[in-house]
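The report below describes a single protein model from its overall composition down to individual strand pairings. Please keep the sequence and the coordinates at hand while reading.

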Amino acid sequence: MLNDKILSGKHILIGVCGGIAAYKIPDLISKLVKLGAEVKVVMTHAATEFVTPLTFQSMSHNPVAVDMFSEPVAWEIRHISLAQWTDTLLVAPATANMIGKLANGIADDMLSTVAMATRSQVLVAPAMNTAMYENAATQANIKTLKERGIKIIEPAEGRLACGDSGKGKLADIDVLLNSLIYEVAFEKDLSGKKVLVTAGATVESVDPVRFLTNHSSGKMGIEIARAAQLRGADVTLVCGNISVETPMGVNVIKVKSAQDMFDACVSHQKEADVIIKAAAVADFKPKDVADNKIKKEGGFEGVIRLEQNPDILKYLGEHKPAGQILVGFCMETQDLIENAKKKLDKKNLDMIVANSLTEPNAGFKSDTNTVTILDKTGKIEALDNMSKFCVAQELLDRVVKCL
Ligand code: PMT
C-alpha cells in the first residue's frame with residue numbers, strides 16, 4: 001500500500017453533491033491528505049443536508065465553498081480562484097441533476113460554476129438510484145461529458161440506500177483515490193509501453209497437502225507494477241503466492257508453480273517492451289508429486305527427490321526481442337555484487353537489481369528495500385534504504401532512459 005507523500009504539492013478540488021454517498025467523501029479526503037495533497041471542497045446546498053461543511057473543513061484543513069455570494073475570506077472571485085487553483089476536480093458523488101448541469105452548460109451554483117471555469121481535468125463519479133442512472137437523459141448527459149474529455153468513474157453495482165439493487169453505488173473510495181493519483185501524481189512517461197512484471201513466490205507441490213515455497217510476499221513486484229501503471233504503462237502482473245493486494249488497473253495473471261510462471265511469461269514475452277522479474281522462483285521442484293497425502297506410516301523414507309525448474313529469466317534473455325528491456329532481481333546472502341554481475345551477463349539482462357537477505361529492513365516481506373542497480377554498461381548504483389514503491393520509481397526512471 002502507498003505510504004509515500006506522492007501527492008505532495010498537488011491541489012485537488014472535490015465537488016460534493018447531495019447524495020447519501022457524500023458521507024464516504026471525508027474518508028477519501030483523509031487518504032488524500034495522508035499522501036501529501038492539498039484538498040479543498042465545494043459543496044452544493046443539497047450536499048450540506050447530508051454532511052456538514054464543518055466535517056469537510058476539518059478533514060481538508062481548508063474553508064469549504066458552498067455559497068456563490070458569501071463573504072470571501074480574502075478578496076477573490078472564489079469560483080475563478082478555485083477553478084484555477086486545482087490540478088484536478090473530482091465531482092463525487094455526482095447526482096443526475098449535477099451531471100445534467102455539467103453536460104448542458106448550466107452554471108447556477110458554486111460547484112457547477114467552478115466546473116465550468118476550470119481548465120483542469122474533471123472526473124465525475126455518479127451515484128444515484130439505478131433507474132435514474134439508466135434513464136436515457138442521464139446516459140445521454142454522461143455520453144456528452146465523455147465526448148468532452150471528462151472522465152467518468154463508473155458506479156458500482158450493489159444494494160442502494162433506497163433499497164433497490166443494481167448499478168448506481170458510488171465507486172469504492174479506493175477506486176476514486178487511485179483515479180486521482182493516476183491523474184495528478186506522475187508524468188505518463190511509460191504511456192504506450194507494455195510492461196510485464198513478476199511478483200511473489202512460486203509454490204511447488206509435494207503432495208495434495210504440502211508444498212515447497214519461499215518467503216516472498218510479492219510486495220516488491222507489486223510496487224513495480226503499481227508504479228508502472230501510474231506512469232501510464234499497460235501492465236501485466238504475473239504473480240505467484242502473495243500476501244498483499246494487487247494494484248488497480250493492472251492485468252493480473254495468477255500462477256502457482258515455476259512452470260506456470262514460465263508459461264505465462266513466455267506467452268506475453270513478445271509483446272512486452274519491458275520485463276521486470278521480481279518474483280522469487282523456486283530453482284527446484286519435487287521430482288514426483290504424490291497423488292495422495294504422504295502418510296508417515298506408509299514407508300516414507302524422509303527423502304523428497306528434487307529436479308530443476310526452468311530458469312525463466314535465462315530463457316527470456318536468450319529469446320529477447322530487439323529493443324526489449326529485460327530486468328532481473330538477485331537475492332543473495334553473500335557476495336551480492338559479484339553474483340549479481342554474473343547473473344546480469346549469464347541471463348543477457350539490461351539491468352539487475354541486487355538485494356541482500358542480510359540487510360535490515362530489506363528483502364523479503366518488508367515495506368522497504370536497500371538495493372544496488374547494475375546495468376550492462378558496467379554502471380553500479382547503490383541506493384539508500386527506501387520504500388519499495390520508491391525503489392520501483394528509481395528502477396523505472398532508469399528503464400525509461402534505456403527506452
Ligand atoms: O516479495 P517481497 O517480499 O517484496 O521480496 C522481494 C524479493 C526479495 C523477492 C525481490 O526483491 C527479489 O530479490 N526477487 C528475486 C529473488 C530471486 O529469486 O533471486 P535469484 O537470485 O534466485 O534469481 C535471480 C533472477 O532470476 C530473479 O529475477 C528471478 O525471478 C529469476 N529466476 C530465478 C530462478 C528461476 N528458476 N527462474 C527465474 O526466472
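## Burial and overall composition

Of the 403 residues in the protein chain, 50% are buried, where buried means under 20% relative accessible area, exposed over 50% and partly exposed in between, with a 1.4 Å probe and protein chains only. The model is predicted, with local features requiring pLDDT of at least 70 and side-chain atom pairs counted only at pLDDT 80 or more, whereas totals for chains, interfaces and linings use all residues. Residues are numbered from 1 along each chain as its sequence is written, and side-chain values use heavy atoms, with hydrogens and water left out.

The accessible surface of the protein chain comes to about 19200 Å², and carbon and sulfur atoms contribute 50% of that area, as computed by the Shrake-Rupley method with a 1.4 Å probe. Along its principal axes, the C-alpha trace spans about 80 × 50 × 40 Å. Among contacts with a separation of 6 or more, 67% join residues 24 or more positions apart, a contact being heavy atoms within 4.5 Å.

## Charges

The protein chain carries 46 positive and 49 negative side chains, and the centres of the two sets lie 2 Å apart. Lys and Arg count as positive and Asp and Glu as negative, while His and the chain ends are not counted; each charge is placed at NZ of Lys, CZ of Arg, CG of Asp or CD of Glu.

## The six-stranded sheet

The chain contains 13 helices and 22 strands, which are DSSP runs numbered from the N terminus, with at least four residues of H or I for a helix and at least two of E for a strand. Six of the strands form an open sheet with parallel pairing in the order β3-β2-β1-β4-β5-β6, two strands being paired if DSSP finds at least two bridges between them. The edge strands, β3 (64-65) and β6 (151-152), each pair on one side only.

Within this sheet, β1 (residues 11-16) and β4 (residues 88-94) are joined in the parallel sense by four bridges, and L13 stands opposite L89 in β4. Helix α8 (residues 173-184) lies across β1, β4, β5 (121-126) and β6, at about 165 degrees to β4; the angle, on a scale from 0 to 180 degrees, is taken between N-to-C directions of lines fitted to C-alpha atoms, for helices over the stretch in contact.

## Strand β12 and its partners

Strand β12 (residues 234-239) is mostly covered, with five of its six residues buried. Six bridges join β12 in parallel to β9 (residues 194-199), and V235 in β12 is the bridge partner of V195. Strand β12 also pairs in the parallel sense with β13 (residues 251-254) over four bridges, where T236 stands opposite N251.
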